[in-house]
Amino acid sequence: MVNYWRVFGCTNRSDREKHLEYYRLPKVITNQGEQCQKLSEERRRLWLAKLNQDLHSKNLDNVRICSAFLYQKDDPDWVPSVGMTGQQRSPEKAGTSSRYSRRGNRTQQRLREGADGAAAAGADAETDDPETDDPTTSGYIRSNLCSTETKSELTGDLIEAMNSELQNLRTENIQLRSDVAHLSTTYDQSAFVDEDEMVLFFTGIPTYQNLVLFTFLSPHLPVKSLDKFKQLMLTLMRLRLNVSTTFLSYAFNISIATASRIVTDVIDVMFIHMKPLIIWPEMEHLQKTMPMQFRKHFVKKCAVIIDCFEVFIERPSNLIARAETWFSYKHHNTVKFLIGITPQGTVSYISNAWGGRVSDKHLTENCGFLDNIVPGDLVLADRGFNIQATLGCRMAHVKIPAFTCGKSQLAPVDLETTRKIAHVRIHVERVIGSVRQKYTILGGILPIDFLMCKDSDGYCTIDKIVLVCCALVNLCPSIVDFDSSIFLYALCQ
């Protein structure tokens, strides 16, 4: 192991100056009495004081002092005193000044070479920025470059080249600031003004005017690090595009946990304040705007068209929950919803989530749908809704496609009735498809956490998501063509 000096100005090495001896700092003696301990502490303090260096981050066991700086070694209180100047190292006065000069010369040479390349590249990149010819900046560069320790003289060409390089760096800085500002305003409200295609792509809402929804929800949105409009946009993008919260965290420059909390909180606000958009209309209001195809086949008695749809979920770890959500027809764990639409094509009822294994009849009779039925109502449904007896108790009717019941074919009357029902019942399939298409989160596999967290009213996150999606679809134009219906109605009159 090579021992190095620890005294300022000493360049001795143990592998080179072998005639010298190298000594450690004196240890503090603690086992020979109090007086001896005080003496050793004082001696160690004097040694460190003579070195006059910052040794706080150094391992003192590795400090060495050569014998050239010691005298009276036989004295128990000796300290280094020969040639101890007590001064700190400075580049100008150190023994290695020649090395420092050489290093400075090499640095200056590299500056000249870089300046020559910058002069060639900067000749084509000059701009009209007034800061280029700023006399203060130029004077500052000249004064600093000309006052270097190496006393090297800089030519006017070199200074001009460095000015050109400085201008290029300023131009790049301005461009980067512009890019950052553009990135920060991508999802601002001003970016969506008169951009209906952009609004439709990110939110599923057809026009910017429909984003008046934000004005309605803004007083109730939580105050977070992200402004309220961006919170709404983040949530609508989660529903519309089914992107992960990781993507949203990068898009809005927030953490993943913050993005997840924003989605949950905004969904809660939208669920509470958009629930009135799912409304069961009075029969007299339905009759005034009844489409012509319903008037023709069912007079004005049709109140609702019902059907069920499923949403895929992750497989639960609980065996009972896994069995209740397994849907053998689609070979996946699902939750089922009952949806009802008016003849005009708007969603008038949406149930809470049920296990995918439940039958359509059981779900209809136990989800609270029948509470909206009044005497005289006509319900259109598919074959799985065998609820004639249940609706009969409420003096209402249900029309479903006829069964063959072992017959080779349907009777002509039943066939014609089935065609009429199928012709108008297709609207509920179109509404379900519209909900899935506009808000693709319902077409993916939802995490099981959406079913486990219920609020005080018994609603879990997936119930709120489906209701919000249906309410947003109600803000869009109806799938029923009212223009042709009104034209046909006028012809019949």
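**Charged patches on a predicted protein model**

The secondary structure comprises 18 helices and nine strands, taken as DSSP runs numbered from the N terminus (helices: H or I, at least four residues; strands: E, at least two). This is a predicted model: local features need pLDDT of at least 70, side-chain atom pairs count only at pLDDT 80 or more, and totals for chains, interfaces and linings use all residues. Residues are numbered from 1 along each chain as its sequence is written, and side-chain values use heavy atoms, with hydrogens and water left out.

**Overall fold**
- Of the 493 residues, 38% are buried (under 20% relative accessible area; exposed is over 50%, partly exposed in between; 1.4 Å probe, protein chains only).
- Among contacts (heavy atoms within 4.5 Å) with a separation of 6 or more, 60% join residues 24 or more positions apart.
- The accessible surface is about 28600 Å², by the Shrake-Rupley method with a 1.4 Å probe.
- Carbon and sulfur atoms hold 53% of that surface.

**Positive patch**
- Arg 99, Arg 102, Arg 103, Arg 106 and Arg 110 form a positive surface patch.
- Patch residues have over 30% relative accessible area and no salt bridge, with like charges joined within 9 Å.
- A salt bridge puts a side-chain nitrogen of Lys or Arg within 4 Å of a carboxyl oxygen of Asp or Glu.
- Arg 110 sits in helix α2 (residues 97–122).
- Arg 110 is exposed, at 53% relative accessible area.

**Negative patch**
- Asp 194, Glu 195, Asp 196 and Glu 197 form a negative surface patch.
- Glu 197 belongs to helix α5 (residues 196–203).
- Glu 197 is exposed, at 72% relative accessible area.

Notes: Patch = residues over 30% accessible without salt bridge, like charges linked within 9 Å, V, L, I, M, F, W, Y side chains within 5 Å. Lys, Arg positive; Asp, Glu negative; His and termini not counted. Charge placed at Lys NZ, Arg CZ, Asp CG, Glu CD.
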